[in-house]
Structure formats: C-alpha cells, structure tokens
Amino acid sequence: MKIACIDIGGTSIKRLCATAEKGMKLADYRVEGFDSAPTRAAEGFEAIRSAVFDSISALIDTYGCEAIAISTAGTVDWDRGVVTFATAALPGFTGYDIVSDVKAKFGLPVRAINDATAAAVAEHYIDKFSRQSEVVLTIGTGLGSALIRPGKLCAESVTDLHIGHVCFDEEGVPCKCGKRGCIEQYASASALRRMSGEDDLDKVFNDYCSYPTAIETFIKALVKAVKLAFETGVKRVVVGGGVAEIKGWWGGFLGKFPYEMSSRIGRAQLGNRAGALGAAYAALNGQFKNQ
Ligand SMILES: [Zn+2]
C-alpha cells in the first residue's frame, strides 16, 4: 500500500510516500520523495490547512497514494482523529478534527498521531534493540520524550514522559508550558538557534569556537534529559530529531557520561523522516487512544 505521510511541525511539513504493509518491518518500508514545505503557521489556521492539503495532494498526484498518515504537533485523540490540544505553534489546531477534514477532502483512509509519539515509534521499531523498553528523545522545535515498551503497539505501549518540561534553570527562559527554564528551552533546535543567534545549526556545530556557550548549554541540558530518561529504569535511550544527524557534537556529548551509561545511548537513524514514517507504521500496526 502506498501511504502519503506528512509530519506537521511548527516550522515545516515533512512529507514522503511510504510503500508498506501491515506487519512489515519498518526498515523494509520503501520511502520516496522525502522533502519539506513551510507550515505557514504565522499566517494562521487556514494557511496551515492549505499547506497540509497541498502537501498531501502532491504526494497523491505523484505516487498514487491510497491512504494518508499524519503526524502532528499537539495532543491527538487517535480514535476520534481530533487534535485535542496544540500550543500557539499551530494556531487553530486545538479542537481541529483533522482526520475528518482530510478524509472529506481526499476520500481516503486517514490516521493521525502525535509527532513525538510517531517519531519514537519509528526509531523504536527500526532499532535492533526494539525488544526492550527504551526512551526516545526527539530534538525538534521542542524536546519530545517517549517511553516505549516492547510488544504490541498500542496506547499503553507509549508514554509521554514530558522530560522537556523538567526544570533545567530556575531563573531561565520562560517556556510555552507556563514554567521557566524547562530543559527544552536549552536542548532543542529552536533553543540552539536562540542561544547561538544563528539559524543554520550545521554551521553552529562546525564552529565550536564561535558558539561555545550555546553548544555547551545544549549538551548540558540534553545530558540532564538523558539521565532523567534512564531513571525510568530503561536499558537504552535513543536520541533523535534533525539535530541528532548533525555531526560535531555527539562525541563530546557521549563523553559526559560514564561508559556504562554511554554504551546504552543510541543515536536515532531516521532524522527528520521519523515522524512521517512513525505515522505510517502506527496507522498500519497500532491501536492508540490519546497521545
Ligand atoms: Zn516547559
């Protein structure tokens, strides 16, 4: 089955066509046409909605997709297909019945899932260690954290740990959640951009001497997040999201841990494709409720 997969974030919509069947290993999914388009969130709800429709249309026109899998920022009710809560990053998304809306437009089966859950599902099921519990941290606009238990993929197998909103600096930057100094205000792509004043994060990590404070603060906050993840008792922590693909910081980051711990920290494999692929995997194999 050809599935049009989109991953709606606050900045961009990632999109790809996945050819897969129920029960197939995620590593065997055929992926075509991966790219991204602006979400246009600053222009408001209707602009986001048309950006979403345009992305899906393009995938259907190019690949002849027969189903649609959506990963989106915000809390999603899997059964009803409704975004029950979204931050100001996606204006108008709170209460948005995205599944019905997309279904009405394209007349195809549609599933929607939270983006951090989707990314965690993808990184977990593509991993050779997927038979054990693990925490997947996803560095994106925020810092996602999901604990995944092995076995059947269902609501109970994925738990959002909210590690990104644990306090890192009591006097720190205000967070969208209403608190101050949350970990994700330091260990996320948007935090790195804010701290470095540079939009291109490849450039930041390739030039440590120009951005030592931003890089060190990012690493320190991420180290705290990983240690909190291990406190849940999992054997393994996987770090993913677009930033995880950037070279130049991983060695220094791992060096902050004792070997016994660093040997159990994995780097995610799917980068910015994780959300879209996780949505496809969950649509084919999962039974969720809220995420
Ligand atoms: Zn917060």
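Helices H3 and H9 are roughly perpendicular to each other (65 to 115 degrees; under 35 is roughly parallel, over 145 roughly antiparallel, the rest oblique). The axes of H3 (residues 115-126) and H9 (residues 274-285) cross at roughly 80° and come within 7 Å. Axes are lines fitted to C-alpha atoms, for helices over the stretch in contact, and angles between N-to-C directions run from 0 to 180 degrees. Helices are DSSP runs of H or I with at least four residues, strands are E runs of at least two, and both are numbered from the N terminus.

This is a predicted model: local features need pLDDT of at least 70, side-chain atom pairs count only at pLDDT 80 or more, and totals for chains, interfaces and linings use all residues. Residues are numbered from 1 along each chain as its sequence is written.

Which residues of H3 meet H9? Among them are Asp 115, Ala 118, Val 121 and Tyr 125. On the H9 side, the partners include Ala 274, Leu 277 and Tyr 281. Contact requires C-beta atoms, placed from the backbone, within 7 Å. The residues of this contact divide into 11 nonpolar, 2 polar and 2 charged (nonpolar: Ala, Val, Leu, Ile, Met, Phe, Trp, Tyr, Cys and Pro; charged: Asp, Glu, Lys and Arg; polar: the others, Gly among them).

Now the sheet. H9 lies across strands S1 (2-8), S2, S4 (67-72) and S7, at about 130° to S1. The open sheet has 5 strands with mixed pairing, ordered S3-S2-S1-S4-S7. Pairing takes at least two DSSP bridges between strands. S3 (30-38) and S7 (110-114) are the edge strands, each pairing on one side only. S2 (residues 12-19) and S3 run antiparallel, joined by 7 bridges. Cys 17 stands opposite Glu 32 in S3.

Key: Contact = placed C-beta atoms within 7 Å.
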